[in-house]
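Hi,

Here is the structure I promised to pass on. Have a look at it first, then read my notes below.

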Amino acid sequence: MAPSWWGGREARGGGGTPVVVKMENPNWSISEVAASGAEVAPGSPAGGGKAGRGKNARQITWVLLLRAHRAAGRLTGAASAALAVAAAARRRVAAGRTDADAAPGESTALRARFYGCIRVFLVLSMLLLAVEVAAYLQGWHLEVEVPGFLAVDSLFAAAYGGWMRVRLEYLAPPLQFLTNACVVLFLIQSIDRLVLCLGCFWIKLKGIKPEPMAAGKEDVEAGAEDFPMVLVQMPMCNEREVYQQSIGAVCGLDWPRSNFLIQVLDDSDDATTSALIREEVEKWQREGVRIIYRHRVIRDGYKAGNLKSAMNCSYVKDYEFVVIFDADFQPQPDFLKRTVPHFKGKDDVGLVQARWSFVNKDENLLTRLQNINLCFHFEVEQQVNGAFLNFFGFNGTAGVWRIKALEDSGGWMERTTVEDMDIAVRAHLKGWKFLFLNDVECQCELPESYEAYRKQQHRWHSGPMQLFRLCFVDIIKSKIGFWKKCNLIFLFFLLRKLILPFYSFTLFCVILPMTMFVPEAELPAWVVCYIPATMSILNILPAPKSFPFIVPYLLFENTMSVTKFNAMISGLFQLGSAYEWVVTKKSGRSSEGDLVALVEKHSKQQRVGSAPNLDALTKEESNPKKDSKKKKHNRIYRKELALSFLLLTAAARSVLSAQGIHFYFLLFQGVSFLVVGLDLIGEQVE
């Protein structure tokens, strides 16, 4: 509503146009309102008179003041956010919890050596920055010839001249060679990514997707005896936050109950969790569901050992297919009816894989960035490889295996931490084909804390290198075609599992800072900016709603290269941390709403005597969450923190040589490492 003094001024005979200031969040706007049929007065704003211009100036001043107030509010919000981040960082430092005590049973030799190398590199870069600043203040620029310094009597000038000679003759050539090699690897990997995107575009354009054999009249009228026998396995370990809604979802699968059996494979070492899971299984048994509870006291082989033990049961021979769901996966009721029919009439198909969807993808920045990566993985990598090669890495869950294919491939093996990729490679070497269904989704959770995500990525990137060492000879000796062998060795393993983390860490976290202190070795701007930006755009296409996060995604991927490189090295050389298996922590966020619905639904169906047990389960479910919350805490990650200071030091050095793109990249990447190093990106525990 307009202020009254504007209306009063007009009533006193002014010919100005009434102005209404709309105070709408987040913008204020000014609109002129003219009376209908009113003539334009000579002194009105429309008439262009001096009085009108003066009134408009006052009105615009008022609007500018309002906008200044809005800007001040935004600055206040930004300042409060910055203070909150600073307070969180201060709490991290005061608590003193670092990644050194994140895994007490883990071998820390490699981590200590790796961190020590980064520290030495950081100290040297800070010393070199001090030297370069002193030389810059003396007026010595990079264009000065080295012999000119040798004639100077000053000790510092002579030392700086010697440093320039060492830099020019001994450091620049090998650094430039390493730079060129990494750039070539970077281009090869970018071409591979581009080809995958083109393949995905072709699939969308032509509407290519696996189709089950058309059902005949006899299939439509088929009874329960004509449905294949399906075994459903649910491996879990100490996952009390998610077991209840997952078991409920699996028990609700639309399939004749006489034709499928559920195995709940509990490896929990917590007695309370095991009791809760057992009671949940017994509840569904009373409902008439064919479900079995199995518990191993000795967890040999982790998940692979658990699945192997379950497959050794005598009744497994009665089943044709086996479906695997991890503890946090919730399939839709029609999951089996949309996946199992793809095996009919295709005796060479060994695996049908569904894609994942995520119930907590918008929970925080970390889950949003994970969603971008995994959307590209399923939409592009898995779909293209499945459509054109009939091979891809099994995702470990939400997949249907033909039991004959598992047995023909040697069954589950505990030799690596990626048992899913292991069985997929061995099945491929035996000639089995895989199908990927991009339109069949299974809901699950993403890790919400950086600690959980970091451990998951370590396992996912160390395991493939272990597997490559073990199966390289088998690939060479196998009877599959030459091009399939090349795809397995050069694309599946070397390019996407070894070269990608190697060049990503080496190029952007080592070579780029070094070229700032050894400017004779050049890293082109298109390598630093344009190609990574293009690749990030391609990666984010399967998740178009995530486009506002493209810059954080690019920076975070480079930040994660430290963990991935460390994991790749430990797996390749069989170091201690390569065999670390840590169950990814689940928040159970998806189960909080589902639990209430589950109680309401089954309290109506169950007998009166069983209702209190479900209420007790609900109470016991909520109590452990409170206890587990107390044990959570954020940490300081020393490697990421040291690299942040290194990159920020290199950014300061780039200012002296006026390298704009390099400066901004190093600055933002250094800030990204700082945010991750202080554990400010994922779940924040007060």
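Let's start with the sheet: this predicted model has an open sheet of 8 strands with mixed pairing, in the order β5-β4-β3-β6-β9-β8-β10-β7. Two strands count as paired if DSSP finds at least two bridges between them. Helices (H or I, at least four residues) and strands (E, at least two) are DSSP runs, numbered from the N terminus. The edges are taken by β5 and β7 (330-331); each has a single partner strand, so one side of each is left without a neighbour in the sheet.

Some housekeeping before going on. Residues are numbered from 1 along each chain as its sequence is written, and side-chain values use heavy atoms, with hydrogens and water left out. As the model is predicted, local features need pLDDT of at least 70 and side-chain atom pairs count only at pLDDT 80 or more, while totals for chains, interfaces and linings use all residues.

Back to the sheet, at its β5 end. Strand β3 (residues 230-236) pairs with β4 in the parallel sense over 7 bridges, and Pro-235 stands opposite Leu-265 in β4. Helix α7 (residues 243-251) packs on the sheet, where it touches β3, β4, β5 and β7. Contact here means heavy atoms within 4.5 Å. The direction of α7 makes about 175° with that of β3; axes are lines fitted to C-alpha atoms, for helices over the stretch in contact, and angles run from 0 to 180 degrees between N-to-C directions.

Strand β4 (residues 260-266) also runs parallel to strand β5 (residues 291-295), and 5 bridges join the two. Leu-265 turns up again here, opposite Arg-294 in β5. Between β4 and β5 the chain passes through helix α8 (residues 271-286), and this β-α-β crossover is right-handed. Right-handed means that, with the strands pointing away from the viewer, the path from the first strand over the helix to the second runs clockwise. Helix α8 lies across β3, β4 and β5, at about 160° to β5.

Further along the sheet, Ser-357 sits in strand β8 (residues 349-358). Is Ser-357 buried or exposed? Ser-357 is buried, because its relative accessible area is 15% and the cut-offs are under 20% for buried, over 50% for exposed and in between for partly exposed (1.4 Å probe, protein chains only). Leaving out residues up to four places away in sequence, Ser-357 touches Glu-441, Cys-442, Gln-443 and Cys-444.

Now the inside. The largest nonpolar core has 84 residues, and those with the most contacts inside it are Ile-247, Ile-262, Trp-401 and Phe-493. Strand β10 (residues 433-444) gives the most to this core, with 7 residues. Another core lies apart from it, with 40 residues, among them Tyr-115, Phe-508, Leu-643 and Leu-666. By nonpolar core I mean a set of buried Ala, Val, Leu, Ile, Met, Phe, Trp, Tyr and Cys residues joined through side-chain atoms within 4.5 Å. As for Phe-493, its contacts beyond four places in sequence include Met-421, Val-425, Pro-464 and Leu-498.

Two loop residues are worth a click. Asn-238, in the loop between β3 and α7, has a phi near 55°, a positive value in a residue other than glycine. Asn-238 is partly exposed, at 28% relative accessible area. Ala-398 is not a glycine either, yet has a positive phi of about 60°. Ala-398 lies in the loop between α11 (365-388) and β9 (399-402) and is buried, with a relative accessible area of 0%.

Then two helix residues. Leu-554, in helix α17 (residues 550-572), counts as buried at 19% relative accessibility. Beyond four places in sequence, Leu-554 is in contact with Pro-532 and Ser-536. Phe-663 is in helix α21 (residues 660-677) and is partly exposed, with a relative accessible area of 23%.

Finally, the whole chain. The protein chain has 21 helices and 10 strands, and 49% of its 686 residues count as buried. Of the contacts between residues at least 6 apart in sequence, 80% join residues at least 24 apart.

Cheers
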